[in-house]
Amino acid sequence: DHVWSSICGELESDIYHDTTIQCRDGESVRLSSFLLATISPYISSILRSMHGQEEYYLVLLDVDSIQLREMLSLTFRTLRGEWGLTTESINQLDDIFAHI
């Protein structure tokens with residue numbers, strides 16, 4: 001439990017946020033490319049093709065920033081074992097993953 005909690009804390013830390021995602025609503029979300037690559041095979045392939053960059057910038061016009069932030073929150077809660085996911089939350093995750 002301590003290891004997962006530590007990993008989540010590090011991934012949530014701004015120190016490791018090397019990727020900016022420009023969303024459909026004009027908002028930008030910063031996050032770890034490592035986390036993004038682990039949850040999206042499609043984006044993982046894009047990041048691999050850009051290997052060696054210090055910063056990544058992606059435009060995802062099918063994703064709303066609020067949905068993306070919620071997906072990240074749910075991802076961290078799941079990693080920490082804080083399940084409590086509602087059917088609506090899972091459906092939202094499915095919708096977001098369909099676009100990334």
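Student: In which sense do strand 1 and strand 3 pair, parallel or antiparallel?
Tutor: This is a predicted model, where local features need pLDDT of at least 70 and side-chain atom pairs 80 or more, while totals for chains, interfaces and linings use all residues. Residues are numbered from 1 along each chain as its sequence is written, and side-chain values use heavy atoms, without hydrogens or water. Strands (DSSP runs of E, at least two residues, numbered from the N terminus) pair if DSSP finds at least two bridges between them. Strand 1 (residues 19-23) and strand 3 have 5 bridges, and the sense of their pairing is parallel.

Student: Which strands are at the edges of the sheet?
Tutor: Happy to go there next: the open sheet has 3 strands in the order 2-1-3, with mixed pairing. An edge strand here pairs on one side only, which picks out strand 2 (28-31) and strand 3 (56-60).

Student: In what order do the elements of the protein chain run?
Tutor: The protein chain holds 5 helices and 3 strands; helices are DSSP runs of H or I, at least four residues. Read from the N terminus on, the order is α-β-β-α-α-β-α-α.

Student: Is serine 65 buried or exposed?
Tutor: Serine 65 is in helix 4 (residues 65-79). Its relative accessible area is 2%; with a 1.4 Å probe and protein chains only, under 20% is buried, over 50% exposed, and in between partly exposed. Serine 65 is therefore buried.

Student: Which side chain makes a polar contact with the side chain of serine 65?
Tutor: A polar contact is a pair of N or O atoms within 3.5 Å; within protein, one must be able to donate a hydrogen and the other to accept it, and residues adjacent in sequence count only if both atoms are side-chain atoms. Serine 65 touches (heavy atoms within 4.5 Å) Cys23, Asp25, Glu27 and Val29, leaving aside residues up to four places away in sequence. The polar contact, at 2.7 Å, is with the side chain of aspartate 25.

Student: Which residue caps the N-terminal end of helix 4?
Tutor: Look at the backbone nitrogen of isoleucine 66, which has a side-chain oxygen 3.0 Å away. That oxygen belongs to the capping residue, aspartate 64.

Student: Which residues of helix 4 are buried?
Tutor: For the background, buried residues make up 37% of the 100 residues in the protein chain. In helix 4, the buried ones are Ser65, Leu68, Met71, Leu72, Leu74, Thr75 and Phe76.
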